Amino acid sequence: MTAAAALRNDWTLDEINALFALPFNDLLFRAQQVHRQHFDPNAVQVSTLLSIKTGACPEDCKYCPQSGHYNTQLEKQKLMAVEQVVVQARAAKAAGASRFCMGAAWKRPQEKDLRVVEEMVRRVKELGLETCMTLGRVDGDQASRLADAGLDYYNHNLDTSPDYYAEIITTRSYAERLETLSHVRDAGMKVCSGGILGMGEGANDRSALLQQLASLSPHPESVPINMLVKVPGTPLENVEDLDPLVFVRAIAVARILMPRSHVRLSAGREQMTESTQALAFIAGANSIFYGDKLLTTDNPQAQRDRALFTKLGLHSETRNTCESDDTQSARLAQRARVAQVDALAVDASV
Ligand code: SAM
Ligand code: DTB
Ligand code: SF4
């Protein structure tokens, strides 16, 4: 196996389209090779989501059940009390999650709310969980305050390609999203950013989304790839299904473009077969949302996920927190080389 290639931020659309066009087996093989240089191939990072403020969002994201622009029969909920969040976080930890992600349906956090979510971060961290929040747009000062409170990750998705974006959202621009991501990075937090597939976009849009994500420097540490969950009442409720094999290809391409990032097989697993999920893991997905609910829609029951992990011989990732990313990566690359030599030795002996 070749030494781990240098990380790149300059992938061209032609190169990315060419990866998508590879024979499926070749693409997945290549993604697996990259994956094994950087990660334990059977470890999956496990996050649990909680909606801390639900619905009545002023943005008009056409996929989203929480947008106040559409009637999705959603039960709205004001910002939760800190104690309630702590109870849920404790339960998530007991069920095996290592990261607790809190989402709010806001355009941006207001001052009075920011003080509450800072307290949530502190309290959830005390439980020994990693923390992630997704609260909409943040400025530099808000990002620094969240970082100071101890927030590990901030999630803000690019959602789709720059070209297709205007078909999906009109109330917030692509440039504003990128600006939020740079505030998060500057504040020293880890970036979680990805998108949604299956919104009627074209193949070129999927490539362009991944190109945008891979052009962020450094790459986002966490890249959620969501399959659209079609919610009745949203403008995308009747959009045509995306072929699951195209979705798996996108995971593989994300893995190749962003070798050291955790690629999360995110929303949409409830509607996926186990075989599609297994292919996504082969393609290099190594993170999931675990727990019966995403924010407002259903996720596979925890018990079903445990059974799937057992069937596939997967385990949840336990990070050696004393080890830096570089040390961990070097150790895994070394292990992949040893495994390769062992495999060759077995080949030679048969
Ligand atoms: N309001 C904040 C924001 O948009 O930045 C945070 C919450 S928002 C629900 C987080 C992400 O969930 C969105 O960016 C989108 O990628 C994803 N999402 C929302 N609805 C979805 C759906 N129906 N299917 C798949 N992903 C969805
Ligand atoms: C992400 O990329 N997906 C998660 C998380 N980040 C916040 C949200 C998925 C939401 C799916 C629709 C819902 O449950 O409301
Ligand atoms: Fe609001 Fe976020 Fe939903 Fe967009 S995705 S409508 S910003 S909650």
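A polar side-chain atom of N226 lies 2.8 Å from an oxygen atom of ligand 2 in this predicted model. This is a polar contact, meaning a pair of N or O atoms within 3.5 Å; within protein, one must be able to donate a hydrogen and the other to accept it, and residues adjacent in sequence count only if both atoms are side-chain atoms. N157 also places a polar side-chain atom 2.8 Å from an oxygen atom of ligand 2. For T297, the distance from a polar side-chain atom to an oxygen atom of ligand 2 is 2.8 Å. On its own, ligand 2 has 410 Å² of accessible area, and the protein covers 88% of that area. Accessible areas come from the Shrake-Rupley method with a 1.4 Å probe; for residues, only the protein chains shown count as cover.

Residues are numbered from 1 along each chain as its sequence is written, while chains are lettered from A and ligands numbered from 1 in the order in which they are written. In this predicted model, local features need pLDDT of at least 70, side-chain atom pairs count only at pLDDT 80 or more, and totals for chains, interfaces and linings use all residues; side-chain values use heavy atoms, with hydrogens and water left out.

The shell of ligand 2 holds 13 residues, and the closest are N157, N226, L295, T296 and T297. A residue is near a molecule or strand if one of its heavy atoms lies within 4 Å of it. By class, this shell has six nonpolar, seven polar and no charged residues. Ala, Val, Leu, Ile, Met, Phe, Trp, Tyr, Cys and Pro count as nonpolar, Asp, Glu, Lys and Arg as charged, and the others, Gly among them, as polar.

A polar side-chain atom of D159 lies 2.8 Å from an oxygen atom of ligand 1. For H156, a polar side-chain atom is 3.5 Å from an oxygen atom of ligand 1. V229 contributes a polar backbone atom, 2.9 Å from a nitrogen atom of ligand 1. The protein covers 91% of the 560 Å² of accessible area that ligand 1 has on its own.

The space taken by ligand 1 is the largest cavity. The space taken by ligand 2 is also the largest cavity. A molecule sits in a cavity or pocket if more than half of its atoms lie within 2 Å of its grid points. On a 1 Å grid over the protein atoms alone, a cavity is a set of points where a 1.4 Å probe fits but cannot get out, and a pocket is an open set with protein on both sides within 12 Å along at least five of seven lines; lining residues have an atom within 4 Å of a point.

The largest cavity has a volume of about 840 Å³. Its lining has 41 residues, of which Y63, C64, Q66, N157 and L295 are closest to its centre. The lining of the largest cavity divides into 23 nonpolar, twelve polar and six charged residues.

The second largest pocket holds about 440 Å³ of space. It is lined by 22 residues, and L49, L50, Q88, K293 and L294 lie nearest its centre. Eleven of the lining residues of this pocket are nonpolar, seven polar and four charged.

Note on methods: Grid points are joined across faces, edges and corners, and a volume is the space filled by probe spheres set on the points.
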